[in-house]
Amino acid sequence: MIEVLNLTKRYGDKVAVENLSFSAASGVVTGFLGPNGAGKSTTMRMIIGLDRPSSGTATINGKRYVDLAWPLREVGALLEARAIHPGRSARSHLWMLAQSNQIPRTRVDEVLDIVGLTEVADQPAGKFSLGMGQRLGIAVSLLGDPGVLLFDEPVNGLDAEGIRWVRNLLISLAKEGRTLFVSSHLMSEMAQIAEEVVVIGRGRLLTQTSMNALLENNQQSFVRVRSPQIDRLEQALVAKGAKVTQEADGILQVYGLAEAAIGEIAFDEKVMLHELAPVTASLEEVFMELTEESVEYHGTERSRQ
Amino acid sequence: MSTDQQTDVEAPAFARGGYPLHSVIASEFTKLRTVRSTIWSFGTLFVLAVGLGALATSLASSHWTQMRLEEQLTFDPLRQSLVGVFFGQFAIGVLGVLAISAEYATGTIRVSLAAVPKRSYLLLAKVIVFGVSALIMGEIVAFVSFFVGQMLLTSPAPHVTIGTHGVLASVAGVGLYLCLLGLLALGLATIIRHTAAAVSAYISILLVVPIIVSLLPSSISNTFGRFLPASIGHSVVSQVTGPHEFSMGVGLLLLVLYAVVVLGIGGYLLARRDA
């Protein structure tokens, strides 16, 4: 269980995170969504105790990170790729971290195996590709077999194969009952693995909800209708309670009525249809809309003050 | 594993008080020995200090008969054999700086602090691991320099033996001097966090500050010059204490004080700053 309460981080005049409160439940995958620069990384660094909050608290299983008895055995974190000395091997890197938390040496071999770096484990990490660096970062996070895992943008900069690998790993970690808190600026990534979502924009909480509720409440579906007699059809549709916007000349977006109902109305009105197509907004559009709205909302709120 | 399970199963082990300092020390030792730059730097230290010291000493020995009487009278065979230390002190400083600045340069400091969030532990373990390594290396350099140097000083040039009064203390003191300078450099780098800037600061203290002090009126430079690490170095390698120098013991104690103060400031900043 990760709990963030009234967390604020200021750098001089700039506010990176403002009065942020949310929680990530135990045994659940919580997605941490927001556009780039929304304050996701800063928030995660404060949870891990790397950055000092200006005010507010962040706790993991009821404790501040700094107070954890064996940090690596309780919490695993991937905060930045390639945080390794280029002259040190992956095995040495893992072993030195393992020693500090009295994690047995055999576990180093285990995590190297899990992330598929066994064959290059004794080479200097300076030769590693971005994907290999990311795998090593994940190996570090798994070192203490922790129940809580934090991943900051785990698929950033990876190729398709790497993305698929990370996604499958996250899913299998979640199946083992671990608590996962995963940040991303890509909604589509999160939709595949997260049950819960925390969405932030400009350092503020926009919403915390289940992934399903987020999609249901925000996914705008409409039916695109094209007709040479569009004006007559529009009147009939509005009369039946539909919401209508004009997409282009002769094309309507119809909300609140399914395509079958629209077809029947057109038939009744003897209106010819050239197109009748249901359209579902993409996940990214949902996400954009959500974060954009918040930005506008905050803008007006500020001007009122 | 679920978090609940983890709490139930492993809680008794946690009750012992979390990760102990010796685990962090073991981790820091692995950190130090698993990068090649450590071996290179210690090798450079040895080659510079012993090699250049031996070169200078053999020149002094072979040119003994051409020296002026005044030079011959003030010739200090102990200092002559240990002169390479003044080269070695730069190598040990770079090592001390790298012991922590490399973590900032590579980003491993954040991984290290995630593993050991008690920052005082991390710095303390670094100080112990680097301090002990630097002391061992410093003593090796000092004793090898001494014995090689005395071997090269052949008649008619005078030489001393390790049994000569005060010599053993001086040679051992040189090893300690190098170790303390390394720790001072480690402290500077903890404050400054950038390799190049920290090395510059360290070299300035050893080379530039003495020049500035020597340009001040002699009443001031004679009073304050003795507090400089470089002056302390001179008093350590010599059998005689100069008129404007502290004795070796007082000098080394001062260096301990400098290192403690600088490391203390570094530790305070490390604990407060964002990583």
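Predicted model: local features only at pLDDT ≥ 70, side-chain atom pairs only at ≥ 80, totals over all residues.
Residues are numbered from 1 along each chain as its sequence is written, with chains lettered from A in the order in which they are written. Local features need pLDDT of at least 70 and side-chain atom pairs count only at pLDDT 80 or more, while totals for chains, interfaces and linings use all residues.

**View 1. Helices α9 (residues 167-192) and α12 (residues 229-237) of chain B meet.** Their axes (lines fitted to C-alpha atoms over the stretch in contact) come within 8 Å and cross at roughly 160 degrees. That makes α9(B) roughly antiparallel to α12(B), a label for angles over 145 degrees. From α9(B), the contact (C-beta atoms, placed from the backbone, within 7 Å) uses Ser170(B), Gly173(B), Val174(B), Tyr177(B) and Leu181(B). Pro229(B), Gly233(B), Val236(B) and Val237(B) join in from α12(B).

**View 2. Chain A touches chain B.** Look for 39 residues from chain A and 32 residues from chain B in this contact. On the chain A side, α2 (71-74) and α3 (90-100) each supply at least two residues. The most come from α3(A), with six residues.

**View 3. Strands β10 (residues 221-226) and β13 (residues 275-280) of chain A pair up.** Pairing takes at least two bridges found by DSSP; here six bridges join β10(A) to β13(A), and the strands run antiparallel. One to spot: Ser221(A) has Thr280(A) as its bridge partner. How many of the six residues of β13(A) are buried? The count is zero, where buried takes 20 or more other C-beta atoms within 10 Å of a residue's own.

How values were computed. Axes fitted to C-alpha atoms, helices over the stretch in contact; angles between N-to-C directions. Helix = DSSP H or I, 4+ residues; strand = E, 2+ residues; numbered from the N terminus. Parallel < 35°, antiparallel > 145°, perpendicular 65-115°, else oblique. Contact = placed C-beta atoms within 7 Å. Buried ≥ 20, exposed ≤ 12 C-beta atoms within 10 Å, placed from the backbone.
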